[in-house]
Amino acid sequence: MEGTCLLCLLSLTSLLCCTSDSAGLTVSPSSSQLFEGDSVSLSCEEDDSSAGWRLRRNTTRETRTQCGADWGRSAGSSCNISYIDPLDSGVYWCESREGATSNSISITVTGGAVILQSPVLPVMEGHDVTLHCKTKTPPSNLPAAFYKDGSLITETTGHMTIHHVDKSDEGLYSCDIRGHGESPRSWITVTGQEVKGQELHFDFTTY
Ligand SMILES: *[C@@H]1O[C@H](CO)[C@@H](O)[C@H](O)[C@H]1NC(C)=O
Ligand SMILES: *[C@@H]1O[C@H](CO)[C@@H](O)[C@H](O)[C@H]1NC(C)=O
C-alpha cells in the first residue's frame, strides 16, 4: 500500500515539477481583451531556460512570427508590446528551439471603448469566475449587460461572477455599456485539468 502511494507521489511530483521541455505562457494584464494603446507583457514560464523558449503568434496577417524579430520587444523568454494595436489580435504561444509548444492564449485588441475582462487561461471546473466589463476611461463600474453566445445573462454593475463553473458555462462572452458600446467576444474554456501557468492566474479566479 505505502509503496504504491509513494510511487504515485513520485510520478505525480515528476509530472508537476520536473518535466523538461515544457513551458506555460502567462500574460499581464491577465485579460483576453485589451484596449488599443495598452501595454502588455507576455512571459514563457519555462522549466529549462536553455531550451530557448520564444514568443510566437498568429494574427490575421502573419503566421508563426517571433517576438523581437517581427513584433514586440523581447528579453530572453519574455516579450513586451508597449502600444498594442487591433492588428496585434491573435493567438500567442511559446515555442522552444526544438519546436515544443506551450499552451496558447488568444488576445483580442479593440479600438472601441469597451472590453470584457475574461480569463486568458482555461478555468478549472468548480471554480468561480468574475467577468469585468470596462470602459477605456473611468468610471469603470458603470451598469453593464453581459451576454453568453449572444443571449443576455444579466445586467449588473461592472462585473459578474459565475459560481462553480462547469462545462455548460463554456462559450462566447461579451458585454456592453449603454452609451459607450459593445465589447468584442471572447471564448471561455472550462477544464477539469490543471494547466501549467494557471497558478499565476489570480485575477479572475477566486478559490
Ligand atoms: C498558427 O498558424 C499555423 C498555420 O496556419 C497553424 O498550423 C498553427 O496551428 C497556428 N498555431 C496556433 C497556436 O493557433
Ligand atoms: C517588460 O515590461 C515589464 C513591466 O513594465 C518590465 O519589468 C520588463 O523589463 C519589460 N521587458 C522587456 C523585454 O522590455
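Me: How far is a polar side-chain atom of Arg-73 from an oxygen atom of ligand 2?
Reply: That distance is 2.9 Å. A polar contact is a pair of N or O atoms within 3.5 Å; within protein, one must be able to donate a hydrogen and the other to accept it, and residues adjacent in sequence count only if both atoms are side-chain atoms. Keep in mind that this is a predicted model, where local features need pLDDT of at least 70, side-chain atom pairs count only at pLDDT 80 or more, and totals for chains, interfaces and linings use all residues. Residues are numbered from 1 along each chain as written, ligands are numbered from 1 in the order written, and side-chain values use heavy atoms, without hydrogens and water.

Me: And which residues surround ligand 2?
Reply: Ser-41, Arg-73, Ser-74, Ala-75 and Asn-80 do, each with a heavy atom within 4 Å. A polar side-chain atom of Asn-80 lies 2.3 Å from an oxygen atom of the ligand.

Me: How much of ligand 2 does the protein cover?
Reply: It covers 43% of the 360 Å² of accessible area that ligand 2 has on its own (Shrake-Rupley method, 1.4 Å probe).

Me: New topic: is Asp-128 buried or exposed?
Reply: Asp-128 is buried, meaning under 20% relative accessible area with a 1.4 Å probe, protein chains only.

Me: What do the side chains of Asp-128 and His-163 share?
Reply: They are joined by a polar contact of 3.2 Å. The Asp-128 side chain also reaches the backbone nitrogen of His-164, at 2.8 Å.

Technical notes: Buried means under 20% relative accessible area, exposed over 50%, partly exposed in between (1.4 Å probe, protein chains only). Lys and Arg count as positive and Asp and Glu as negative; His and the chain ends are not counted. A salt bridge is a side-chain nitrogen of Lys or Arg within 4 Å of a carboxyl oxygen of Asp or Glu.
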